[in-house]
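This briefing sets out the main features of the structure shown below. The points are grouped by topic.

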Amino acid sequence: MKFTITCKHCNKELGNANFTTFASCHRGYDENGKRKLFCNEECYNAYIKQFQVEEYNGNPIYKVNVDGESRYMPYWFSLYYFTTIDDCRKRMDATNIGIY
């Protein structure tokens, strides 16, 4: 069974893939071995920009929907999120908490 991989932003076809190609890091992956989901850096940045709701102290805050509810993330690909933007701002102000 083959699947067509498309850019998550512009829907341009990036190539064909099936379970074997994903498992063996051929098509569907870029030259660094990471899964290719965008055709270029501009599409990646435009995709991320659509989730940004505000900039707080020079850092963007992103809003995503989780189970039909709005959640706020202090940075892109954050492993955690907050139910209110104020809680997200408080976390960003907490300098005593380390970021990996």
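**Briefing: helix α2 and its surroundings**

The buried residues of helix α2 pack against β3 (52–56) and β4 (59–66). The model is predicted, and its chain has three helices and five strands. Along the sequence these elements follow the pattern β-β-α-α-β-β-β-α.

**Overall chain**

- Of the 100 residues of the chain, 24% count as buried.
- The chain exposes about 7500 Å², and carbon and sulfur atoms supply 49% of that area.
- Among contacts in the chain with a separation of 6 or more, 28% are between residues 24 or more positions apart.

**Helix α2 (residues 41–49)**

- The buried residues of this helix are Cys43, Tyr47 and Ile48.
- Viewed down the axis of α2, these buried residues fall within an arc of 130 degrees, so they line one face of the helix.
- An α-helix has 3.6 residues a turn, so residues three or four places apart point the same way.
- Glu41, Glu42 and Lys49 are exposed on the other side of α2.
- At the start of α2, a side-chain oxygen of Asn40 comes to within 3.2 Å of the backbone nitrogen of Glu42.

**Strands β4 and β5**

- β4 pairs with strand β5 (residues 69–73) in the antiparallel sense, over five bridges.
- Val64 stands opposite Arg71, a residue of β5.
- The two strands β4 and β5 form a hairpin, with two residues between them.

**Residues with positive phi**

- Most residues other than glycine have a negative phi.
- Asp67 has a positive phi of about 55 degrees although it is not a glycine.
- This residue, Asp67, lies in the loop between β4 and β5, and it counts as exposed because its relative accessibility is 77%, above the 50% cut-off.
- Phe77 likewise is not a glycine, yet it has a positive phi of about 70 degrees.
- Phe77 is located in the loop between β5 and α3 (85–93).
- With a relative accessible area of 62%, Phe77 is exposed.

Note on methods. Residues numbered from 1 in each chain as written. Predicted model: local features only at pLDDT ≥ 70, side-chain atom pairs only at ≥ 80, totals over all residues. Heavy atoms only, no water. Buried < 20%, exposed > 50% of the residue type's maximum accessible area, 1.4 Å probe, protein only. Helix = DSSP H or I, 4+ residues; strand = E, 2+ residues; numbered from the N terminus. Arc of directions from axis to C-beta. Contact = heavy atoms within 4.5 Å. Polar contact = N/O pair within 3.5 Å; in protein donor to acceptor, adjacent residues only side chain to side chain. Areas by Shrake-Rupley, 256 points an atom, 1.4 Å probe, with all protein chains shown as cover. Pairing = 2+ DSSP bridges.
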